[in-house]
Amino acid sequence: MPVVDVDPDELRELTGHDEKSDDELKDDLFNLGLEFEGETDEGELQLEFAPDRLDRLSVEGVARSLRYQYGDDTGVYVPDTNDPDWTYEVEDTVPDGRPYVTGAIVRDVNMTEDVLESLIQLQEKLHATMGRKRAKAAIGIHDLTMLKGAGLGDDDSGHSITYRGIDPDGDRFVPLDADSEMTPAEVLTDHPIGDKYGDLLDGFDRYPAIYDDLGLFSFPPVINGRRTEVEAESRDLLIELTGTDQWTIDHICNIICYALSARGGTIEEVEIEYPTATGPYEEVGGELVRPDFETDTKHVAHDRIETILGVDFDQREVLDLFARAGLSASVVDDADDVDAVTDADSVVYAVEIPPYRVDVLHPMDLIDDLGRAYGFNELEPRYPDIGTVGGRHDRTRLEDATRASLIGLGFEDLLNFHMISGAANYDRLTIEPGSDAVGAGEAVEITGPYSEDYTQLRTWVLPSLLMVLENNTHRAYPQDLAEIGLAAEVDESENTNVAEWRSIGAVLARNDATYEDAKARLTALCDDFGVDLETPPTDHPTFIDGRVADVVIDGEPVGVIGEIHPAVLVEHDLELPVAAFELRLDALQ
């Protein structure tokens with residue numbers, strides 16, 4: 001979860017509530033779903049954010065949400081925009097790996113050192129989350145007064161910058177935090193930022209670059225030029241974003257524009273001219289005007305709101321709560337025309353969603369917003385109107401018994417995320433996706449993930465355990481860890497096209513860890529549940545040849561056991577032997 005530093009004095013100033021104490025602010029922020037994690041040495045509040053509300057990754061966004069919560073602002077707000085004076089021209093030399101660009105001009109920003117720090121933090125957090133560490137989107141913010149746009153048309157009216165591809169040893173420029181000119185190739189080898197993000201351009205014959213009439217000033221997704229560096233005295237800004245997806249960079253741009261608008265900035269549109277309306281630009285068209293502040297509309301039924309929240313609302317109250325959530329709602333006159341509604345007798349609301357919200361995908365998201373505006377603490381618990389008595393599922397009983405057995409065998413019980421990256425799930429364990437090896441099934445990919453660290457559901461538990469060992473090298477050994485958790489893979493025979501199961505994973509990290517140690521623990525576990533265990537030799541790329549076997553229970557292969565291969569240990573910075581096993585939980589039934 002991203003953690004953002006927020007100055008409480010700035011928060012009071014931006015919300016207009018100077019009377020709020022720090023403790024009152026913390027309570028109000030908690031009601032928004034923002035958890036207080038501590039304070040910096042400068043007294044700033046450290047707040048942990050859910051990754052869905054990226055518009056709150058700055059003090060300006062947090063203040064906007066608080067003003068809605070306090071009732072000072074209501075409904076959808078869309079900033080006014082001035083007509084475009086700048087054009088972003090895209091040449092056909094732009095690398096195929098980063099074809100898209102967007103941006104805006106923001107004038108008369110009330111810039112200070114604090115505002116600049118907030119802007120830099122917002123940029124970094126957006127890079128880390130929605131931008132997937134710049135792989136999907138990279139942000140450049142420049143001092144407009146330091147740019148000279150080439151004139152357009154016969155009368156040289158308007159200004160333009162150019163997005164093009166250049167040779168790695170092409171034009172030179174002075175990057176940020178440097179004192180001499182460098183080529184893009186030199187930036188990747190001799191500049192610390194280039195070394196950090198250079199792998200994003202692996203395989204590129206030409207590098208992305210942005211020019212004004214004076215020359216190269218931005219080298220996305222790596223670094224900006226020093227000439228256009230934004231300082232506390234800057235007032236007019238040029239925002240440019242490049243990336244692999246137009247929707248993503250457009251919405252990141254919206255979030256930045258809203259934050260700068262809260263600082264007094266006036267938004268000015270820009271024109272985007274792509275070289276063609278075919279290929280990667282077919283869906284977006286050859287010419288665009290940005291930022292795109294068009295609102296979206298989704299529908300939700302009144303009955304569904306009351307069923308989910310367990311509260312009886314009248315229509316006026318629902319409309320007011322949506323307005324206090326920063327949304328604008330109206331009653332649909334003819335609910336029969338709304339596909340999402342299944343109960344024709346229910347009142348249906350059309351809810352307008354502001355352009356900075358990237359998280360509203362489903363009616364349940366609207367109900368969540370309405371519930372927060374109402375106050376989840378105000379909801380009264382009640383017994384469900386059903387005639388059955390709750391109890392533990394058989395699978396839960398099995399899981400609890402297995403967990404107790406593992407703890408009794410000396411393992412420390414873990415709970416890890418079910419989502420993981422492809423590199424952590426496959427590459428770092430030398431697994432070839434789609435092979436017959438345990439853990440090599442086709443992963444369920446996440447559509448539009450917010451972080452490159454969580455792009456798919458894991459296909460087995462062992463990668464998560466090795467990541468824990470990697471993060472615990474400063475802890476004392478031995479480290480005997482176990483987890484019972486969700487694993488999944490694509491399976492077209494299932495109704496959902498996804499097969500899910502609970503998997504048992506265990507690792508023994510110690511200076512004398514061997515296959516025999518893992519086998520002894522696994523045998524004891526199987527004896528506890530009265531199942532027959534066999535371990536015929538096998539091959540598996542994650543384990544050492546000759547020290548790995550299939551886990552066969554009651555005649556069915558259900559997992560793998562062995563000693564982790566040295567290449568995998570080195571990849572995880574582990575200096576001690578690790579023995580491990582993994583098997584399906586239902587094999588113990």
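These legends describe views of a predicted model. Local features need pLDDT of at least 70, side-chain atom pairs count only at pLDDT 80 or more, and totals for chains, interfaces and linings use all residues. Residues are numbered from 1 along each chain as its sequence is written, and side-chain values use heavy atoms, with hydrogens and water left out.

**View 1. The protein chain has 15 helices and 26 strands.** Helices (H or I, at least four residues) and strands (E, at least two) are DSSP runs, numbered from the N terminus. The C-alpha trace spans about 85 × 65 × 50 Å along its principal axes. Of the 589 residues, 51% count as buried (under 20% relative accessible area, 1.4 Å probe, protein chains only).

**View 2. Y100 and Y281 form one of 12 aromatic pairs in the structure.** Rings of Phe, Tyr and Trp (its six-membered ring) pair if their centres lie within 6.5 Å; planes over 60 degrees apart count as edge-to-face. Here the centres are 5.8 Å apart and the planes at 85 degrees, so the pair is edge-to-face. Y100 sits in strand 5 (residues 100–107); Y281 lies in the loop between strand 13 (266–273) and strand 14 (287–290), 181 residues apart. Y100 is buried at 12% relative accessibility. Y281 is buried at 5%.

**View 3. Y258 and Y356 make an edge-to-face pair.** Their ring centres are 4.7 Å apart, with planes at 65 degrees. Y258 belongs to helix 7 (residues 246–261), and Y356 to the loop between strand 17 (348–353) and helix 10 (363–374), 98 residues apart. Relative accessible area is 3% for Y258 and 4% for Y356.

**View 4. Ring pairs link Y77, Y258, F293 and Y356 into a cluster.** Y258 is buried, and Y356 is buried.

Definitions and conventions. Buried < 20%, exposed > 50% of the residue type's maximum accessible area, 1.4 Å probe, protein only. Phe/Tyr/Trp six-rings, centres within 6.5 Å; stacked < 30°, edge-to-face > 60°.
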